[in-house]
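Trainee: I have a structure open and would like to learn how to read it. Could you go through it with me?

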Amino acid sequence: MRRLRVHYPLKRGRVWPLFGPCGVIKAVDDMHFDLHAGETLGIVGESGCGKSTLARALVGLETPTGGQISIDGHNVTAYSDADWRPLRREVQIVFQDPQASLNPRMSIAQCIAEPLKTLCPEVGANERSARVLEMMQRVGLDAELKDRYPHEISGGQCQRVGIARALVVRPKVLICDEPVSALDVSVQAQIVHLLVDLQREYGLAMLFISHDLAVVRQLSHRVMVMYLGKVMEQSARDALFEAPQHPYTRALLSAVPDFEAQLPGERVELIGEIPSPSNPPSGCVFRTRCPLVDHVCAQQVPVLRRVPSGGYSACHFAAYAESPMIPRTA
Ligand SMILES: Nc1ncnc2c1ncn2[C@@H]1O[C@H](COP(=O)(O)OP(=O)(O)OP(=O)(O)O)[C@@H](O)[C@H]1O
Ligand SMILES: [Mg+2]
């Protein structure tokens, strides 16, 4: 991803057709990152920060407004639908709501076979059935379930179908957008273990989006923290949880008692509400809620800079971040 942007036109209520867009929602703004084979990149951030928009852009469900997405060295951003097709199978997505993401009129076997039919037409009917059964077994679905319909199985089983559907075309990249948020805790743990196993077994590059920091810590190699469509920090998993570099990361961790207890230095409390993505603050988008805020924050957009822990932080004071962050008073 290079400077990826997805902006939605802001509609002017009912009169929108007459007057046209009157602004934009910067759902994803200048995002820059790499995802490597065999690694899981966790993405965290508050509701509305653009996580799903990013996920949808990566699988071609959203058209970027700017920037570039490259897969295996191919810049796919400007590709037509036909050009996308051979690459589309390489990047698959698992959605948050397992039941709603499956076609209620298709049996489980049909649901899993469908992407194989559309994305891999060279696979014949016999091989397709064999691959569906093999995948069902791999994700822990009993073969007897194959003729059932989505409403006839549990939420956890539905999510296993979602995962089987995504992996049956043998992608290189798996995007998981809050795949366990809708499930109860014991089922969550089973699905997380399954994803960890599959990621290792197939050497997948996995993008795992969740607002649950504990789950992200469990399965990520690297973690990226988003705020209002931008990357605030990107660090190796342990570095991020043990020595967060950005005040926003510190604030997110401070809000979870288990993480707060392990955090060196002062805790950071978030002040106020998240601003609207249609009218983000100038300079650093986090400045209106940041305890370290200073004059420079309103004037300059901080770039992601390498910090001593080896990660990257978009804070004007990132260089100080190795020592405990002591709030500056105005
Ligand atoms: N199709 C759309 N048209 C206009 N605005 C949109 C559209 N989809 C998302 N948005 C806006 O873009 C911003 C980012 O939304 P997105 O769904 O990506 O956030 P998110 O981080 O996934 O949130 P959550 O944690 O609640 O799932 C929000 O302000 C949202 O209202
Ligand atoms: Mg979302």
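Mentor: We shall discuss the sheets, then a pair of helices, then a few single residues. Please keep in mind that this is a predicted model.

Trainee: Understood. In what order do the strands of the eight-stranded sheet come?
Mentor: The order is β7-β8-β9-β3-β10-β11-β13-β12, in an open sheet with mixed pairing.

Trainee: Which strands are at its edges?
Mentor: They are β7 (91-94) and β12 (305-306), each of which pairs on one side only.

Trainee: I would like to look at β3. Is this strand mostly covered or mostly uncovered?
Mentor: Strand β3, residues 40-44, is mostly covered, since five of its five residues are buried. T40, G42 and V44 point one way from the strand, while L41 and I43 point the other way. Residues on both sides are buried.

Trainee: How does β3 pair with β9?
Mentor: The two strands are parallel, and four bridges connect β3 with β9, which spans residues 205-209. T40 has M206 of β9 as its bridge partner, and G42 stands opposite F208 in β9.

Trainee: And how many bridges join β3 to β10?
Mentor: There are four bridges, and β3 and β10 (residues 222-227) run parallel. Within that pairing, L41 is opposite R222 of β10.

Trainee: Now the three-stranded sheet. What is the order there?
Mentor: The order is β2-β1-β4, in an open sheet with antiparallel pairing. β2 and β4 (66-68) are the edge strands; each has a single partner strand, so one side of each has no neighbour in the sheet. On average, neighbouring strands in this sheet are turned by 20° against each other, direction ignored.

Trainee: How many bridges do β1 and β4 share?
Mentor: Strand β1 (residues 2-9) and β4 pair over two bridges, in the antiparallel sense. One pair to locate is R2 with its bridge partner Q68 in β4.

Trainee: Which helix lies across β1 and β2?
Mentor: That is α2, residues 51-58, and the helix runs at about 110° to β1. On the other sheet, α6 lies across β7 and β8 (173-177), running at about 175° to β7.

Trainee: Let us stay with α6. How is α6 placed against α4?
Mentor: Two packed helices are described by the angle between their axes and the distance between the axes. The axes of α4 (residues 108-119) and α6 (residues 155-167) come within 7 Å and cross at roughly 30°. An angle under 35 degrees counts as roughly parallel, and α4 and α6 are therefore roughly parallel to each other. Their crossing is right-handed.

Trainee: Which residues make that contact?
Mentor: On α4 they are I108, C111, I112, E114 and P115, and on α6 they are V161, A164 and R165. By class, this contact has six nonpolar residues, two charged residues and no polar ones.

Trainee: A change of topic: single residues. Is L213 buried or exposed?
Mentor: L213 has a relative accessible area of 9%. Buried means under 20%, so L213 is buried. L213 lies in helix α8, residues 213-219. Apart from neighbours within four places in sequence, L213 contacts V44, F241, L252, L253, V256 and F259.

Trainee: What about T249, buried or exposed?
Mentor: T249 is buried, because its relative accessibility is 2%. This residue is in helix α10 (residues 247-254). Not counting residues up to four places away in sequence, T249 touches V225, E233, L240 and P244.

Trainee: And where is K26?
Mentor: K26 is in strand β2, residues 24-31. With a relative accessible area of 30%, K26 is partly exposed. Beyond the residues up to four places away in sequence, K26 touches V6, H7, L228, G229, P277 and P280.

Trainee: How far is K26 from K230?
Mentor: They are 204 residues apart in sequence and 9.2 Å apart in space, from C-alpha to C-alpha. L292 and G48 are 244 residues apart in sequence and 23 Å apart in space, again C-alpha to C-alpha.

Trainee: Last one: where is L292 found?
Mentor: L292 is in the loop between α11 (257-262) and α12 (295-299). Its relative accessible area is 7%, so L292 is buried.

Key. Residues are numbered from 1 along each chain as its sequence is written. Chains are lettered from A and ligands numbered from 1 in the order in which they are written. This is a predicted model: local features need pLDDT of at least 70, side-chain atom pairs count only at pLDDT 80 or more; totals for chains, interfaces and linings use all residues. Side-chain values use heavy atoms; hydrogens and water are left out. Buried means under 20% relative accessible area, exposed over 50%, partly exposed in between (1.4 Å probe, protein chains only). Two strands pair if DSSP finds at least two bridges between them. Axes are lines fitted to C-alpha atoms, for helices over the stretch in contact, and angles run from 0 to 180 degrees between N-to-C directions. Angles under 35 degrees count as roughly parallel, over 145 as roughly antiparallel, 65 to 115 as roughly perpendicular and the rest as oblique. A crossing is left-handed if the near helix is turned anticlockwise from the far one by less than a right angle, and right-handed if clockwise. Contact means heavy atoms within 4.5 Å. Ala, Val, Leu, Ile, Met, Phe, Trp, Tyr, Cys and Pro count as nonpolar, Asp, Glu, Lys and Arg as charged, and the others, Gly among them, as polar.
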